[in-house]
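Here are my notes on the model. Please keep the sequence and the 3D view open while you read.

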Amino acid sequence: MLVEFQNQVAAITGGAGGIGLVCARTFLESGAAVVLLDVNQEALDRAKEQLKPCGSVTTAVVNLAEVDSIAPAVARIVEQCGKIDVLVQCAGLMGGKPGLEITQKDWDRVQDVNARGLFFMMQEVVRQSMAEHGGSIVNFASMAGIRGMTPPMCSAFYSASKGAVVALTMQAAVEWASLGIRVNCVAPGGVETPAMREMGYPPEVVAPVPMKKLSQPEDIANCVAFLASDKAATLTGQTIVIDGGSSVVGY
């Protein structure tokens with residue numbers, strides 16, 4: 001099944017690295033013009049150089065923890081690119097700490113980016129572009145937002161933020177369907193990213209996965225591209241779990 005995004009603009013938060021960068025490459029290879037959004041201009045410059053052979057790439061600095069920075073960033077994208085057809089929200093903070101050790105600073109830091117910032121980015125993209133011509137939004141939740149998980153891989157502040165993404169996705173899908181906007185999210189389980197490797201995940205992370213392997217970033221990116229494409233024309237408000245079957249194992 002071929003998905004195509006010819007003459008479409010895809011904006012990707014967290015696009016300077018990790019799964020976001022792989023999503024950017026996937027959309028470029030499918031014909032889209034891509035806008036990378038991230039908090040670090042140097043990282044964006046490196047990502048742009050890396051993706052240059054794949055197609056049209058522009059960048060924009062945005063800090064999702066600072067809501068006031070979002071509207072101007074979206075305005076610059078719309079001015080430069082004319083529109084935003086697809087919004088992919090990969091940006092997010094991870095962290096693991098036992099519940100009894102979590103501080104208010106821990107809580108706010110993660111919620112501000114993963115939930116609050118994600119919502120206001122959606123809001124501005126809809127206000128400034130998609131309300132006029134429709135579009136598709138794909139948010140990133142996590143298995144941690146659907147079921148309990150053992151620290152240090154996850155924690156209350158991370159799980160709560162990703163549970164919020166699931167709820168925000170459903171609510172946005174209901175409210176914006178009349179504008180021709182579809183909103184879905186992916187909920188990855190373990191993904192073999194540089195960040196995951198840096199955390200030094202133990203072998204027991206893979207043990208309960210029926211497929212006996214973690215997902216690759218490309219697995220997630222391919223699902224994101226499908227959800228954003230016309231091939232999923234009536235699919236909205238859904239959370240697609242990508243975890244090698246670990247969430248359906250019975251004990």
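1. Start inside. The largest nonpolar core has 34 residues, and Phe27, Phe140, Val186 and Val224 touch the most other members. A nonpolar core here is a set of buried Ala, Val, Leu, Ile, Met, Phe, Trp, Tyr and Cys residues joined through side-chain atoms within 4.5 Å. Buried means under 20% relative accessible area, with a 1.4 Å probe and protein chains only. At least two residues of this core come from each of S1, H1, S2, H2, S4, S5 and helix H7 (217-228).

2. Look at Val224. Its contacts, leaving aside neighbours within four places in sequence, are Cys23, Phe27, Val88, Val138, Phe140 and Val186. Contact means heavy atoms within 4.5 Å.

3. A word on the basis. This is a predicted model, where local features need pLDDT of at least 70, side-chain atom pairs count only at pLDDT 80 or more, and totals for chains, interfaces and linings use all residues. Residues are numbered from 1 along each chain as its sequence is written, and side-chain values use heavy atoms, with hydrogens and water left out.

4. Now the elements. The protein chain has 7 helices and 7 strands. Both are DSSP runs numbered from the N terminus: helices are H or I with at least four residues, strands are E with at least two. From the N terminus the order is β-α-β-α-β-α-β-α-β-α-β-α-α-β.

5. Next, the sheet. It is open, its 7 strands pair in parallel, and their order is S3-S2-S1-S4-S5-S6-S7. Strand S3 (57-61) and strand S7 (239-242) are the edges, each pairing on one side only. Pairing requires at least two DSSP bridges between two strands. From one strand to the next, the twist averages 20°.

6. Check two pairs. Strand S1 (residues 9-13) runs parallel to strand S2 (residues 33-38), with 5 bridges joining them. Val35 in S2 is the bridge partner of Ala11. Helix H3 (residues 70-81) packs on the sheet and touches S1, S2 and S3. S2 and S3 also pair in parallel, over 5 bridges. Here Leu36 stands opposite Thr59 in S3.

7. Finally, the whole chain. Of its 251 residues, 49% count as buried. Among contacts with a separation of 6 or more, 74% join residues 24 or more positions apart.

Definitions and conventions
Axes fitted to C-alpha atoms, helices over the stretch in contact; angles between N-to-C directions. Buried < 20%, exposed > 50% of the residue type's maximum accessible area, 1.4 Å probe, protein only.
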